[in-house]
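The following note sets out comments on the model shown below.

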Amino acid sequence: MRTSTTRVSVKKGHGSGIGHSSGGRITKIHAVVDATRKTLALSLTPGQRADITEAEPFLDEINPQVFIAEKTYDADPLIEKLEEQQITAVIFSKKNRRNPHTIRFSLYKRRNEIERFFVKLKQFRGVATRHNKLKSTFLAAAQLVSAVIGLTDDKP
């Protein structure tokens, strides 16, 4: 005779940083990189979570002089917080913004540093395919790879 056991039900992906979408399972890696492509902060979120949710926690960790980001970060509360902290916001305006703000394109061109960082990060198979099931071990792997990138990058 089998005895019944109590099973704790856990939502799929809860605490693992894995999101579920029609395309499958996905995790987003968020990073703050300086001008020399050195990683200052990393975090993971499920794929369905908006990118902008990680901006404020990063601003609490570090104090940049310039915040360069893509259109997904174009939100009035974030821009107001940046202005309060006297951080230069270099965020391209969304198409639906009534009063687009002006940005310095000489600074916006520097956004390619983060894109180059992610290209190098995804050259490591374990990070690109997320072999680790636990959020903590995947984050540790991403941090290790970003440290290797910082040490081996040939940019001055």
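**Comments on the model**

1. A salt bridge joins the side chains of Lys28 and Asp51, at 3.0 Å from N to O; the term denotes a side-chain nitrogen of Lys or Arg within 4 Å of a carboxyl oxygen of Asp or Glu. This pair links distant parts of the chain, 23 residues apart: Lys28 belongs to strand S2 (residues 24-33), and Asp51 to the loop between strand S3 (39-46) and helix H1 (55-61). Helices (H or I, at least four residues) and strands (E, at least two) are DSSP runs, numbered from the N terminus. Lys28 counts as partly exposed because its relative accessibility is 24%, whereas Asp51, at 17%, counts as buried. Here buried means under 20% relative accessible area, exposed means over 50%, and partly exposed lies in between (1.4 Å probe, protein chains only).

2. The model is predicted, so local features need pLDDT of at least 70 and side-chain atom pairs count only at pLDDT 80 or more, while totals for chains, interfaces and linings use all residues. Residues are numbered from 1 along each chain as its sequence is written, and side-chain values use heavy atoms, with hydrogens and water left out.

3. As to the overall fold, the protein chain has 6 helices and 5 strands, in the order β-β-β-α-β-α-β-α-α-α-α from the N terminus. Of its 156 residues, 35% are buried. The accessible surface is about 10,900 Å², with 52% of it belonging to carbon and sulfur atoms; accessible areas come from the Shrake-Rupley method with a 1.4 Å probe, and for residues only the protein chains shown count as cover. Among contacts (heavy atoms within 4.5 Å) with a separation of 6 or more, 42% are between residues 24 or more positions apart.

4. How many salt bridges are there by this rule? The count comes to 7. One of them is formed by the side chains of Asp76 and Arg97, at 3.0 Å from N to O. It links distant parts of the chain, 21 residues apart, with Asp76 in helix H2 (residues 76-84) and Arg97 in the loop between strand S5 (88-91) and helix H3 (105-108). Asp76 has a relative accessibility of 41% and therefore counts as partly exposed.

5. Another salt bridge is formed by the side chains of Glu115 and Arg111, at 2.9 Å from N to O. Glu115 is partly exposed, with a relative accessible area of 38%.

6. Most residues other than glycine have a negative phi. Gln86 is not a glycine, yet its phi is positive, at about 55°. This residue is placed in the loop between H2 and S5, and it is exposed, with a relative accessible area of 74%.

7. Ser93 is in the loop between S5 and H3. Is this residue buried or exposed? Its relative accessible area is 10%, so Ser93 is buried. Leaving aside neighbours within four places in sequence, Ser93 contacts Lys71, Asp74, Pro100 and His101. Ser93 and Tyr73 are 20 residues apart in sequence, with 8.9 Å between their C-alpha atoms.

8. Helix H4 (residues 112-121) has Glu113, Ile114, Phe117, Phe118 and Leu121 buried. Viewed down the axis of H4, these buried residues fall within an arc of 135°, so they line one face of the helix. The arc is that of the directions from the helix axis to the C-beta atoms.

9. Helix H6 has 18 residues and spans 26 Å from its first C-alpha to its last, close to the 26 Å expected at 1.5 Å a residue; the expected span is 1.5 Å times one less than the number of residues. Phe138, Ala142, Val145, Ser146, Ile149 and Gly150 are its buried residues. They fall within an arc of 145° seen down the axis of H6, and so line one face of the helix. On the other side of H6, Ser136, Leu144, Leu151 and Thr152 are exposed.

10. A nonpolar surface patch consists of Phe124, Leu144 and Val148, with about 250 Å² of accessible area together. Patches are made of residues with over 30% relative accessible area and no salt bridge, like charges being joined within 9 Å and nonpolar side chains (Val, Leu, Ile, Met, Phe, Trp, Tyr) within 5 Å. Val148 lies in H6 (residues 135-152) and counts as partly exposed because its relative accessibility is 33%.
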